[in-house]
Amino acid sequence: MNYLRAISLSLSFFLVGMVGPIQAQLQMNFYANSCPNAEKIVQDFVSNHISNAPSLAAALIRMHFHDCFVRGCDGSVLINSTSGNAERDATPNLTVRGFGFIDAIKAVLEAQCPGIVSCADIIALASRDAVVFTGGPNWSVPTGRRDGRISNASEALANIPPPTSNITNLQTLFANQGLDLKDLVLLSGAHTIGVSHCSSFTNRLYNFSGRGDQDPALDSAYAANLKSRKCPSLNDNKTIVEMDPGSRKTFDLSYYQLVLKRRGLFQSDSALTTNPTTLSNINRILTGSVESFFSEFAKSMEKMGRINVKTGSAGVVRRQCSVANS
């Protein structure tokens, strides 16, 4: 459901495997003149509400991830469709939360600075602020993103890595966005907070290869516990499970420890141990400090936040985040 702290603001480079470039004409404090309090408004709103809904940190960072992986970080994940064909209607986004939260922030900003702050920037800022307020890493969020007006469910399905991904699929989908295997490992670290629905991994418990079997890569004791206490059937699509049991509210290294113990919840978590580069990155992170992980995670989040951004005349500022032509 994670970016380059030292990157030059004028740098632009091409995504691997994509037609469109990463446009890096973002800047710190982009709204300094047009809406001076924009970032503080977002920060204050998050601060005032996150204590009542700490799980929003994981929800918002997932939303940011899902937004950036489809047409770049342009807020298109927020668009509603009367025909049910928008990104948020696609399977990967059916469990995404936080739409109302972003809409509420947008309403406050529109009252202060009508038509100035993009929905895409609100997602980027709010996800960072929510993670920080729950004790997680901080990262720079240059602003100036413009919103897109196109949102297709099929593109979300094609570009967002599913939890059933193997390492080849993960590497391809991340490379399509200009992200490498190190970014894959670091951004997967966001699974240290938040929860998942059983439907995202019950195939590992009950029907891994289509023969009613269990994923051999999943620790058998952990699988037995999930079956008996969390997800009693293959068809359970309501129960939620901690992605980092016992530590889901703390942004730490325990997710990586669980992955090495074969207790990562998703196939995509387990996949990180099947490639020498991703596995060595996990081991390197675990031999370092939490502070070092925070620093590296921040760089990958900053990098992700620049994916194929629209700036200037390339996009618009939607007055209502859920409405394409607003």
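Modeller: A disulfide here is a pair of cysteine sulfur atoms within 2.5 Å. The model is a predicted one, and by that cut-off Cys119 and Cys321 form a disulfide, with their sulfur atoms 2.2 Å apart. The torsion about the S-S bond of this link is -100 degrees, and the link is left-handed. Because Cys119 belongs to helix 4 while Cys321 sits in the segment after helix 13 (290-304), the pair ties together parts that are 202 residues apart in sequence. Cys119 counts as buried, at 0% relative accessibility, and Cys321 is buried as well, with a relative accessible area of 2%.

A search of the whole structure finds four disulfides, and one of them is the bond between Cys35 and Cys113, whose sulfur atoms are 2.0 Å apart. The torsion about the S-S bond of Cys35 and Cys113 is about 75 degrees, so this disulfide is right-handed. Cys35 lies in the loop between strand 2 (21-22) and helix 1 (38-50), and Cys113 lies in the loop between helix 3 and helix 4 (119-133), so this pair connects parts that are 78 residues apart in sequence. At 1% relative accessibility Cys35 counts as buried, and Cys113, at 11%, also counts as buried.

Another disulfide joins Cys198 to Cys231, with an S to S distance of 2.0 Å. The torsion about the S-S bond of Cys198 and Cys231 is about -80 degrees, so the link is left-handed. Since Cys198 is placed in the loop between strand 3 (195-197) and helix 8 (202-206), and Cys231 in the loop between helix 9 (220-229) and strand 4 (240-242), the pair ties together parts that are 33 residues apart in sequence. Both Cys198 and Cys231 are buried.

In soluble globular proteins, nonpolar side chains tend to be buried together.

Methods:
Residues numbered from 1 in each chain as written. Predicted model: local features only at pLDDT ≥ 70, side-chain atom pairs only at ≥ 80, totals over all residues. Heavy atoms only, no water. Helix = DSSP H or I, 4+ residues; strand = E, 2+ residues; numbered from the N terminus. Buried < 20%, exposed > 50% of the residue type's maximum accessible area, 1.4 Å probe, protein only.
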